[in-house]
Amino acid sequence: MYDKLWLIPFFPLVGSIINGLFGKRFIRNEAAIGAIGTGAVFLSFLVSCSCFFTLLNDPVKVHQQVVASWMTVGQLQVDWGFLLDPLSALMIMVVTGVGSLIHLYSIGYMHGEEGFYRFFCYLNLFVCAMLMLVLGNNALVMFIGWEGVGLCSYLLIGYYFEKKSAGDAAKKAFVVNRVGDFGFLVGLFTIFWTLGSQHGVWTLNFVEISENAHLLGFGGTVVTVATLCFFLGATGKSAQIPLYTWLPDAMEGPTPVSALIHAATMVTAGVYMIGRMNVLFAMSPTTMTVVALIGAFTAIVAASIGFAQNDIKRVLAYSTVSQLGFMFMAMGVGAFTAGIFHLMTHAFFKACLFLGSGSVIHAMHHALHHAHLDDDPQDMRNMGGLKKYMPITWATFGISCIAIAGIPPLAGFFSKDEILWWTFGSTRGNLLVWGIGAITAGMTAFYMFRCFFMTFHGEQRTHKKAKDHVHESPWVITVPLMVLAFLAVVGGFVGVPAALGGHNQIHHYFEPVFGHAQEVYKIGIKEALEHSHAAEYGLMGLSIAIAVIGIGIAFTMYLKRPELPGRFTARFSQLHRWVYNKWFVDEAYDVLFVNSTKKFATFCWKGFDVKVVDGVVNGTGKLVNVLSTALRYTQSGLLHNYALTMVLGTVVMVAIFLLQ
Amino acid sequence: MTAATTLPQFPWLSLLIGLPLAGALLCLLHRRSRQECRWLALATTLATLAICIGLFVACRHGDGPWLLREDAAWIPRFGIRYTLGLDGLSLLLTLLTAGLHVVAVLLAWPEQRRLPQFLALLLVLESGLMGVFLAVDLVLFYLFWEVMLLPMLFLIGIWGGENRRRAAVRFFLYTLAGSLAMLVAMIALYLLHGAQSGSYSFALADLLQTRLPLTQEYLLFGGFMLAFAIKAPLVPFHTWQPDALSEAPANGAVDVTGLLLKTGIYGMIRFAFPLFPNATRDALPLLAALALVGLFHAAWSAYRQDDVKRILAYSSISHLGLVLLGLAAWNTTAWQGSVLLMVTHGIVTGALFAVVAMLRSRTGTRNLNELGGLWGAAPQLSACFLFFALASLGLPGLANFAGEILVLLGTFRSQPLWALLALPGLVFTAAYLLRLVQGTLWGPAPAARAAIPDLTVREWLVLLPLIVLTVWLGLAPAPLLAPLAAVGGLP
């Protein structure tokens with residue numbers, strides 16, 4: 001089975017090419033285009049399943065397939081190679097599984113769009129790139145996927161290309177990600193040359209890097225610098241401080257894109273990358289601390305911004321940034337399994353939330369369109385009370401909200417609780433990180449239910465002309481919602497901790513990937529805590545209590561006493577202004593980086609090229625003019641001048657050398 | 001030499017130079033019939049390309065430093081010989097030259113004014129470029145170096161845009177200044193070598209034996225480098241280039257202008273570095289500094305341009321900064337990356353200029369402020385534009401990436417600081433290219449614009465091979481890297 005690995009990214013690639021080349025001119029039929037796109041991803045999903053289950057029962061857990069050589073220069077040898085281990089196996093399941101559902105959903109959501117074929121072409125290409133990223137057996141193939149998903153994200157954010165805001169957002173996403181790529185490349189170079197020139201191991205292959213990482217020395221400068229650089233790359237792709245600002249703007253793209261790329265898959269690439277290089281990261285406690293702290297701060301800052309947004313997709317975007325922060329907290333305290341676990345459960349419930357919001361927007365859009373109103377279909381202030389019109393969307397959205405808030409026994413509870421437990425009890429744990437994490441968990445429950453209540457409950461604020469045109473979405477939209485909601489309910493059961501009588505299967509599943517680093521570098525739950533469940537129960541109770549309090553506040557403020565939010569914003573108007581404007585980070589970046597670079601660029605061109613260089617040249621030109629006026633009496637024409645100068649120059653040169 | 005034996009004995013290299021020249025003459029003779037001229041020029045360039053491909057297939061695995069060599073006495077009195085040599089480096093560049101000339105002729109198809117002369121000049125230029133990439137006698141090299149100057153001058157001066165006069169004069173003066181410096185340095189080297197060894201010769205192989213005091217080496221190196229730096233062009237000798245590239249006639253000539261720039265880098269690799277090794281070694285930091293300044297200066301300047309061709313012109317300068325950085329890093333990885341990048345950049349930028357020509361002929365403008373919304377009107381053309389723009393910004397899997405990553409990786413090894421300084425260039429490259437994409441393809445279409453036809457069959461014929469090459473070289477650059485391994489005289 002493992003020699004079929006290449007098929008997994010191959011199917012979506014073919015789908016993308018077919019739809020891209022023939023979709024507009026020859027196929028034209030939406031159903032056919034959608035079937036090709038969805039079918040391609042579904043085929044990948046089938047192959048992934050087969051690989052996944054083969055691997056599950058296989059005692060050997062690491063398999064590589066080299067398809068061809070890419071380039072060989074000096075000591076650098078790069079192959080087109082794939083790697084299947086428990087980590088990549090789970091990732092391809094998530095990518096192709098959630099991917100298939102979102103493709104199916106898109107058939108309904110994108111119905112009637114002029115660029116229908118283009119959308120499926122890009123979306124398939126994205127899945128292909130994401131699978132390359134996940135399956136690559138060396139850092140350069142991963143980088144192909146890394147840039148490839150960035151490209152597709154760029155194309156899909158800018159899908160509505162006639163809107164300037166979409167174009168700007170797309171450009172911003174790409175350029176900000178390039179800043180992260182800078183880090184990725186520096187990290188890669190550092191590891192490659194250090195391992196090679198100092199230890200004789202010339203490789204970019206992940207397996208070989210992991211096996212030889214110990215040569216770099218625990219806590220050494222090289223490994224710290226390299227992992228920090230890799231982490232910079234991760235902050236770009238996974239929207240963490242300081243490079244998170246592109247993600248909320250990326251909501252300009254169609255909603256299925258936000259679900260697939262900007263929630264479930266691409267943005268988790270940074271987390272996956274740390275998982276892939278867990279040995280390197282484990283060797284640098286400094287980097288791990290930085291990762292955990294950045295994750296924690298991102299989580300709480302993004303959650304705070306989520307409080308005040310009124311655009312339903314923006315709330316979800318900030319929630320994604322915040323949840324990614326949780327995953328990085330996990331990676332930073334050495335809870336690699338918990339981080340990837342949360343990545344998986346988050347993919348389920350966040351994709352469901354985004355698709356649910358898409359279903360709402362879709363319905364709102366049609367209703368408003370029908371009533372000839374140009375109210376914003378994404379603004380929650382125009383919603384409310386949608387429950388009775390869209391029961392399936394309501395139910396699935398609600399389930400996902402409970403899941404993300406961390407209420408047992410839904411998926412989010414197990415993964416988030418595992419993360420909090422590790423931040424508290426791990427040998428690399430950090431009470432500050434735990435504290436921030438716990439507070440953020442409460443904030444998450446609050447703003448998610450704020451969003452839920454504002455959309456589906458309470459008084460209906462939709463314009464009365466549009467009100468009765470709101471309808472539940474068709475089956476292609478609701479079926480993916482139900483499947484994802486189901487997964488959001490049961491997805492956590494693979495990681496039920498021993499304290500609750502579970503077997504924590506996912507922990508054993510990842511043992512071959514993370515066990516080595518955790519054992520060698522002594523990462524685990526502190527011994528004092530390991531054998532008593534008391535602390536674990538205590539923390540669990542605390543986090544459930546925090547979540548319930550968050551939900552309760554949302555319930556009070558947005559259902560029981562809807563006048564409260566207005567009073568709060570009036571009372572704390574300054575604070576609200578800052579939160580509402582996202583702490584003015586975008587504005588600060590504009591002033592600090594964007595505008596100053598633009599100004600300097602203008603100087604480069606107008607100041608240097610036009611004034612200095614051309615000034616000198618024109619000056620010389622004038623001088624030549626004067627001289628040639630004199631010479632014109634003896635010579636006529638350019639070519640002769642040329643010959644004369646040649647001769648003169650030669651004479652001068654020869655004279656110099658003879659006189660020496 | 002094992003490789004050459006598989007090839008029939010024939011002066012193949014002279015043929016590469018002679019064939020386009022003959023084609024040019026025939027074009028002029030047949031200037032009555034434009035259609036005949038077109039097909040004639042196309043046949044000539046295709047034949048030249050076929051020979052190049054044949055040479056590539058037959059010779060790329062040669063084991064000596066020279067895959068093919070031709071040598072004949074020419075002016076014995078001054079020790080001037082007619083010596084042509086083909087090694088891995090010149091192999092790639094002749095291949096690029098031949099390929100881009102086919103593209104140029106196809107693009108020149110709709111040219112209205114004095115088509116036969118236009119095509120003849122293109123072919124003369126091809127001949128000159130071939131000569132530059134093949135000559136290994138200094139006088140012969142200089143001859144070709146000047147030969148390629150004139151057709152370009154006329155192409156810009158006669159068929160160019162609104163400011164063609166100014167651009168042509170600038171191009172001429174700049175290049176002339178460089179050429180003169182090189183000529184003087186050449187003659188001085190000739191005399192010094194003669195005085196030292198007793199036999200006066202312009203042959204590169206002989207001159208390589210010269211031992212010079214350091215001061216003299218610096219001076220002569222400076223003379224050569226001035227010529228090459230102006231051609232490359234290196235900041236601050238670059239301001240002729242945006243003018244020349246933006247004024248060069250869109251129908252074909254501009255692609256080839258890109259080739260002209262490659263001669264600068266080629267000259268450094270072939271002549272300046274091997275002839276003056278000590279000066280080169282000392283000058284590497286300076287070169288790297290100039291390369292970095294060029295990389296950023298041009299990227300930032302490109303960001304502020306509104307003329308699409310000027311953006312691409314500055315983009316060329318910026319990319320060549322990276323090429324030069326790889327050379328200055330002075331190790332195999334970076335060096336091979338530089339050459340690879342030089343070739344792929346020729347393809348990608350050539351293609352971009354071609355697309356812009358197609359764009360211009362449809363919209364009548366190259367100004368970003370007057371463009372936009374092209375995707376709605378001509379999706380095929382837009383997709384091609386986007387594709388090559390992405391290739392140009394170094395998207396992994398497409399042609400430029402392999403070269404860029406090798407340059408950066410290699411540079412990082414010997415000079416980590418240089419590589420660290422160069423890497424943010426990736427960010428700015430993305431910024432100006434995406435601004436270009438956004439300005440042309442996206443946004444609302446200008447209200448006054450008439451309907452735009454999409455790509456024609458002829459245009460697809462031009463672009464499709466370039467697309468295939470861009471993907472192929474991105475996925476498997478190995479065939480281009482293989483001939484470089486045996487190139488002598490470098491790290």
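Author: Let's start with a naming rule: helices (H or I, at least four residues) and strands (E, at least two) are DSSP runs, and they are numbered from the N terminus. Also keep in mind that this is a predicted model.

Reader: Okay, let me try the naming on a residue. Where is A:Lys522 found?

Author: A:Lys522 is in the loop of chain A between helix 21 (505-520) and helix 22 (527-530). Its phi is positive, about 55°, although A:Lys522 is not a glycine.

Reader: And is A:Lys522 buried or exposed?

Author: Exposed means over 50% relative accessible area. A:Lys522 has 65%, so it counts as exposed.

Reader: Which loop holds B:Arg114?

Author: B:Arg114 has a positive phi too, about 40°, and is not a glycine. You'll find B:Arg114 between helix 4 (88-108) and helix 5 (115-134) of chain B. With 53% relative accessibility, B:Arg114 is exposed.

Reader: What about the peptide bond from A:Pro408 to A:Pro409?

Author: That one is cis, with omega near 5°. A:Pro409 sits in the loop between helix 16 and helix 17 (411-425) of chain A. Chain B has a case as well: the bond from B:Val235 to B:Pro236 is cis, with omega near 5°. B:Pro236 belongs to the loop between helix 10 (214-231) and helix 11 (240-247) of chain B.

Reader: Next, salt bridges. How many does the structure hold over all chains?

Author: The general idea is that side chains of opposite charge can pair when their charged atoms come close. Over all chains, the structure holds 19 salt bridges. Take A:Asp168 and A:Lys164, whose closest N and O atoms are 2.7 Å apart. These two residues are four apart in helix 6 of chain A, which means about one helical turn separates them. A:Asp168 is partly exposed at 29% relative accessible area, while A:Lys164 is exposed at 57%.

Reader: Which parts of chain B does the pair of B:Arg310 and B:Asp243 tie together?

Author: Their side chains meet in a salt bridge at 3.1 Å, N to O. B:Arg310 is in helix 14 (residues 308-329) of chain B and B:Asp243 in helix 11 of chain B, so the pair ties together parts 67 residues apart in sequence. Both residues are buried.

Reader: What joins B:Arg366 and B:Asp307?

Author: A salt bridge at 2.7 Å, N to O. Here the partners lie in loops: B:Arg366 between helix 15 (332-363) and helix 16 (374-377) of chain B, B:Asp307 between helix 13 (277-303) and helix 14 of chain B, so parts 59 residues apart in sequence are tied together. B:Arg366 and B:Asp307 are both buried. Salt bridges can also share partners, as in the network that joins A:Lys172, A:Asp249, A:Arg314 and A:Asp586.

Reader: Now rings. How do I describe a pair of them?

Author: You give the distance of the centres and the angle of the planes. For A:Phe119 and A:Phe120, that's 5.7 Å centre to centre and 80° between the planes, an edge-to-face pair. A:Phe119 is buried at 0% relative accessibility, and A:Phe120 is buried at 0% as well. For A:Phe397 and A:Phe456, the centres are 5.3 Å apart and the planes are at 55°, so this pair is tilted. A:Phe397 is in helix 16 (residues 391-405) of chain A and A:Phe456 in helix 18 (residues 431-456) of chain A, 59 residues apart.

Reader: Which residues do ring pairs link into a cluster?

Author: The cluster is A:Trp70, A:Trp80, A:Phe143, A:Trp146, A:Phe184, A:Phe230 and B:Phe401.

Reader: That takes me to where the chains meet. How many residues are in contact there?

Author: 62 residues of chain A are in contact with 71 residues of chain B. The two chains bury about 5,900 Å² between them, with 74% of it on carbon and sulfur atoms. In chain A, the residues that lose the most area to chain B are A:Phe161, A:Arg178 and A:Trp193, together 12% of what that side buries.

Methods: Residues are numbered from 1 along each chain as its sequence is written. Chains are lettered from A and ligands numbered from 1 in the order in which they are written. This is a predicted model: local features need pLDDT of at least 70, side-chain atom pairs count only at pLDDT 80 or more; totals for chains, interfaces and linings use all residues. Side-chain values use heavy atoms; hydrogens and water are left out. Contact means heavy atoms within 4.5 Å. Buried area is the accessible area (1.4 Å probe) that two parts lose on being put together, summed over both. Rings of Phe, Tyr and Trp (its six-membered ring) pair if their centres lie within 6.5 Å; planes under 30 degrees apart count as stacked, over 60 as edge-to-face and the rest as tilted. Buried means under 20% relative accessible area, exposed over 50%, partly exposed in between (1.4 Å probe, protein chains only). A salt bridge is a side-chain nitrogen of Lys or Arg within 4 Å of a carboxyl oxygen of Asp or Glu.
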